[in-house]
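Thanks for making time. I will walk through a few local features of one chain, and you can follow along on the screen.

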Amino acid sequence: MRVAVSGSHRVGKTTLAEGLAEALPRHEVVPEPYHLLEEDGHEFAEMPSIEEFELQLERSLRCVEERGTDVVFDRCALDILGYLATHRDAALFRLEDWLPRVEDSVAKLDLIIFVPIEEPDRIVVSPSEVRLRAEVDAVLKDLIVDDAYGLGFDLIIAEGTAADRLRRVMTSLRI
């Protein structure tokens, strides 16, 4: 099974992805594109540029293309589109150039798990992150929960404690 865990930053995606990989022993976690690029030596600006988000998008697309069948992806291409849509230079991003590849990538996933910001918020974030985090969450709800591009993927919304989220996903998978 190929699963992507999506959501804004600091919502518990990585914790859920790692929990899934533990519960699904043959599955490996693929870290989010930002971290993969850092491991390759890329140094990001404090707020990544449009070009740096495009690098992350390209890496995300490649990861889905190149990985096997038993994978939990920490983020998918739709996550990166959420950050691009909220970027101060969003007008410079040409979605039409990327959308066919994003559609192909999402079609190769068996499931997207969306982890929203909850009320009350379960994770403490710095005041400087609150606005962007909420903006990205709103865009991702549109792209993923409402399936704004009509991609027709399977979706689970994971809420609650880390244990509740994992239990909900595993119950939905009937595993």
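Leaving out neighbours within four places in sequence, Glu52 is in contact with His42, Glu43, Phe44 and Ala45. Keep in mind that this is a predicted model. Glu52 sits in helix α3, residues 50-66. Glu52 is buried but has no salt bridge. How far away is the nearest side chain of opposite charge? That side chain is Arg88, at 8.1 Å.

Next, Phe53, which is in helix α3 as well. The whole structure has three aromatic pairs. One of them joins Phe53 and Tyr83, and this pair is stacked, with 5.8 Å centre to centre and 15° between the planes. The two partners are 30 residues apart, and Tyr83 belongs to helix α4, residues 77-86, so the pair links distant parts of the chain. Phe53 counts as buried because its relative accessible area is 5%, under the 20% cut-off. Tyr83 is buried too, at 8%.

Phe93 and Trp98 make another stacked pair, at 6.5 Å centre to centre and 25° between the planes. Phe93 is buried at 12% relative accessibility, and Trp98 is buried at 14%.

Now the salt bridges. A search of the whole structure finds 17 of them. In one, Glu65 is joined to Lys108, and the closest N and O atoms are 2.6 Å apart. Here again distant parts of the chain are linked: Glu65 is in helix α3, while Lys108 is in the loop between α5 (95-107) and β4, 43 residues apart. Are these two buried or exposed? Glu65 is exposed, with a relative accessible area of 53%, and Lys108 is partly exposed at 37%.

Asp79 and Arg75 give a contrasting setting. Their side chains meet in a salt bridge at 3.1 Å, N to O. Asp79 is buried, with a relative accessible area of 0%, and Arg75 is buried at 6%. Together with Glu32, these two residues are linked in a network of salt bridges.

Arg131 and Glu135 form a salt bridge at 3.0 Å, N to O. Because they are four residues apart in helix α6, about one helical turn separates them. Arg131 is exposed at 61%, whereas Glu135 is partly exposed at 28%.

Strand β4, residues 111-114, pairs in the parallel sense with β1, residues 2-6, over four bridges. In that pairing Val3 stands opposite Leu111. β4 also pairs in the parallel sense with β5, residues 155-157, over three bridges, and there Ile112 stands opposite Leu155. From β4 the chain crosses through helix α6, residues 127-145, to β5, and this β-α-β crossover is right-handed.

Which way do the side chains of β4 point? Leu111 and Ile113 point one way, Ile112 and Phe114 point the other way, and all are buried. In a regular strand, side chains alternate between the two faces of the sheet.

Last, helix α1, residues 13-23. Its buried residues include Leu16, Ala17, Leu20 and Ala21. What covers the buried residues of α1? Among the elements that do so are β1, β3, α4, β4 and α7.

That is where I will stop.

Methods
Residues are numbered from 1 along each chain as its sequence is written. This is a predicted model: local features need pLDDT of at least 70, side-chain atom pairs count only at pLDDT 80 or more; totals for chains, interfaces and linings use all residues. Side-chain values use heavy atoms; hydrogens and water are left out. Buried means under 20% relative accessible area, exposed over 50%, partly exposed in between (1.4 Å probe, protein chains only). Helices (H or I, at least four residues) and strands (E, at least two) are DSSP runs, numbered from the N terminus. Two strands pair if DSSP finds at least two bridges between them. A crossover is right-handed if, with the strands pointing away from the viewer, the path from the first strand over the helix to the second runs clockwise. Lys and Arg count as positive and Asp and Glu as negative; His and the chain ends are not counted. A salt bridge is a side-chain nitrogen of Lys or Arg within 4 Å of a carboxyl oxygen of Asp or Glu. Contact means heavy atoms within 4.5 Å. Rings of Phe, Tyr and Trp (its six-membered ring) pair if their centres lie within 6.5 Å; planes under 30 degrees apart count as stacked, over 60 as edge-to-face and the rest as tilted.
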